[in-house]
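Okay, thanks everyone, let's get going.

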Number of protein chains: 2
Amino acid sequence: MTTLPRKDLFDLPEGVIYLDGNSLGPLPKGATERVQEVMTREWGQELIRAWNTAEWMALPAKVGDRIGGLIGAPAGSVATGDTLSIKVYQALAAALKMTPDRRVILSDAGNFPSDLYMAQGLIGTIDKGYELRTPAPEDVAEAITEGVAVVMLTQVDYRSGRMHDMKAITERAHAAGAVMIWDLAHSAGAVPVDVTACNAEFAVGCSYKYLNGGPGAPAFIYARPDIVENVEPALSGWLGHAAPFAMEPGYRPAMSTERLRVGTPPILQLAVLDAALDAWDGVEIGELRAASVALCERFIAEVEARCPMLKLASPREAGQRGSQVSFAFEEGYAAMQALIDRGVIGDFRAPDIMRFGFTPLYIDEDDVVAAVDVMEDVLGNETWRDPKYQVKSRVT
Amino acid sequence: MTTLPRKDLFDLPEGVIYLDGNSLGPLPKGATERVQEVMTREWGQELIRAWNTAEWMALPAKVGDRIGGLIGAPAGSVATGDTLSIKVYQALAAALKMTPDRRVILSDAGNFPSDLYMAQGLIGTIDKGYELRTPAPEDVAEAITEGVAVVMLTQVDYRSGRMHDMKAITERAHAAGAVMIWDLAHSAGAVPVDVTACNAEFAVGCSYKYLNGGPGAPAFIYARPDIVENVEPALSGWLGHAAPFAMEPGYRPAMSTERLRVGTPPILQLAVLDAALDAWDGVEIGELRAASVALCERFIAEVEARCPMLKLASPREAGQRGSQVSFAFEEGYAAMQALIDRGVIGDFRAPDIMRFGFTPLYIDEDDVVAAVDVMEDVLGNETWRDPKYQVKSRVT
């Protein structure tokens, strides 16, 4: 039985209530020490030998197994590295090879733009008349028809927090003969996920949100074990080769998920992520979800009672919502800048969404109430009208 | 006028002569402090705000410009991120779009396997009858014929150190109507490179070798400024979009080399690389090359005089050689393990190549002589016959 929150595991700044862990998780205390060790002792002293002596070459798989534990993936089925966009491309390219007679990639209009962009790039690269369809999220299930090659969805909508039913949609995709890819960017470490039970062919995700791996932390990709030997890697880099150091002229994929590795792994970022994952040891994901729901429900109730100018832009039903709550407000950009200035950090997503993430590892109900105290003042007294909050200088 | 070496800028372990900076450069002293700053102050205190306040979003371009300065690329023409294999794929996919009526990718048999593998993966993804040709390095120029879509070569051969003439081959490629891609993995920071003068469309490279960016440091890609607006990105991630944070449903590439960015940049690794590049401030690349040639010539002379069982596997002519020297020896694997055990660190490449890199930033002629002293003992007395050196446990 874990106890949440675990604030002592993170270095959180004084005077800040951090409701943006769904965008970039905070610094885990063990990460700084770990990166020092990797740099000064492993890189500094062992130099090239550290690939062996410090087990750098095994680190991507080790970290993959730890992430796998949080999403119901068996050991050896998750590869790590690159960015989420790259992992989307890998999954999508492999999926299209499995359905050679079909020409439709089905996603939804709520998917994160980069997932859609990567699909567009792949379509342009192959140049054989593929089509990307993006109906509204609630219309996706019905749009899964016989011509669909692959269904590619992000489980939790990055703007609204709306959640797809992974199992139901995957079943529908399979019934129509399509391959299923889930993007777990806002799911891993946020909501209970069981990729094995849902039976999807692929899942991808990033590790700098709820997993707290740091800015630009490596992404992950899961391939269902029974299909991995049929996965044809588009990004067939040497570290996905069956024998990378044999330096053979021809590519032969590894007979495991390792074939979805590409180039030399980013050891410093992987080490930081590995240290960050320590915060998950012993966490029971059901308990985490219950805490997340309680935080989100309390936040919605407090905001609706005290900030009536904000309109809920997330599903009201907790079971249909991820671990974030979004409110629509026409002056949301300025209002968010004013909140951040007061130490309540969420973020803004065009055109009018104020987004707040709830992360039970380091946020509790006192934080929620304290955050809404500030929101009530900023919105009730319209302190966001200060011209300094109108300047659109933020890039993220 | 610089003074080489600059050993004081690196944390080199006691008792080690490091002749493997062509595989993984050593730890620059400023890098440890820099990563601490990024983690504890920027990530820890600024959290998500650091994308703006610590200029994380601008870091990939800043680092790209610094690398550009070492390869003759103008400001704004080099994007950083991902791995070299990914950058090869990007360049190759874009090049094939520029030559739609041709079907041959020409490389050479000495190219680094991952470059060839990525070409094979792209060929399989497009699936329109492309062919990868890999003649011997010395036969490449003659193999550039009218049907060739793209010539993709690594300037300095990773095994032999043999160097292609970038300008002459690029001219020949252009005369035949082909696009030219240079992989500078063993060139950047090793030999004088001028991508502008050579006029190639693309150049790619990694930063963990001569640039000392650390294990898994980000790669780079150069696109010639006059063609960049015609580059069609295959890996069309959100950070290559003209307006990433507008979250538009359709991909619109940035009107610069930024379109070759893909996903969220690896900030920790970029910061380390940025700190590592400080070691290059004020280095005159002609002076570096002269020092490199002197080190290599001395090494060859000493080894040939004192270790006659080793056969030179690099060009004897300094002008045709990069900043490494390779020797063939049937028992090279065991011999290299024995050398490493004695503190002389080079590496081994199958089937029989003992490879030694020369990096004038932190290696001088005294190191060369001391290294050959050890080699003379290990090879002359066959200490490599110890069974512990025969175990093939090293993965790199």
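**How the copies meet**

So, 100% of the interface residues of chain A are interface residues in chain B too, so the two copies meet through the same surface. Bear in mind that this is a predicted model.

Helix 4 of chain A, residues 84–98, packs on helix 5 of chain A, residues 113–126, with the axes 9 Å apart and an angle of about 45°. On the helix 4 side, the contact residues include Tyr89(A), Leu92(A) and Leu96(A), and on the helix 5 side they include Met118(A), Leu122(A) and Ile126(A). As for handedness, helix 4 of chain A passes helix 5 of chain A in a right-handed crossing.

Next up, an arginine. Arg321(A) sits in the loop between strand 9 (311–312) and strand 10 (324–328) of chain A. Is Arg321(A) buried or exposed? Buried, with a relative accessible area of 1%. What does its side chain reach? There's a polar contact with the side chain of Glu297(A) at 2.9 Å, and the backbone oxygen of Pro315(A) is reached at 3.1 Å. Arg321(A) touches other residues as well, among them Gly161(A), Met163(A), Cys296(A) and Ile300(A).

Last stop, over in chain B: helix 11, residues 332–341. Nine of its ten residues are buried, so this helix is largely enclosed by the rest of the structure. Among the buried ones are Tyr333(B), Met336(B), Leu339(B) and Ile340(B). And what do the buried residues of helix 11 pack against? In chain B, that's strand 11 (344–345), strand 12 (347–349), strand 13 (353–357) and helix 12 (365–380). Just after helix 11 of chain B, have a look at Gly343(B), which takes a positive phi of about 95°.

That's my tour, so over to you for questions.

Key: Residues are numbered from 1 along each chain as its sequence is written. Chains are lettered from A and ligands numbered from 1 in the order in which they are written. This is a predicted model: local features need pLDDT of at least 70, side-chain atom pairs count only at pLDDT 80 or more; totals for chains, interfaces and linings use all residues. Side-chain values use heavy atoms; hydrogens and water are left out. Helices (H or I, at least four residues) and strands (E, at least two) are DSSP runs, numbered from the N terminus. Buried means under 20% relative accessible area, exposed over 50%, partly exposed in between (1.4 Å probe, protein chains only). A polar contact is a pair of N or O atoms within 3.5 Å; within protein, one must be able to donate a hydrogen and the other to accept it, and residues adjacent in sequence count only if both atoms are side-chain atoms. Contact means heavy atoms within 4.5 Å. Axes are lines fitted to C-alpha atoms, for helices over the stretch in contact, and angles run from 0 to 180 degrees between N-to-C directions. A crossing is left-handed if the near helix is turned anticlockwise from the far one by less than a right angle, and right-handed if clockwise. Lists of a residue's contacts leave out its neighbours within four places in sequence.
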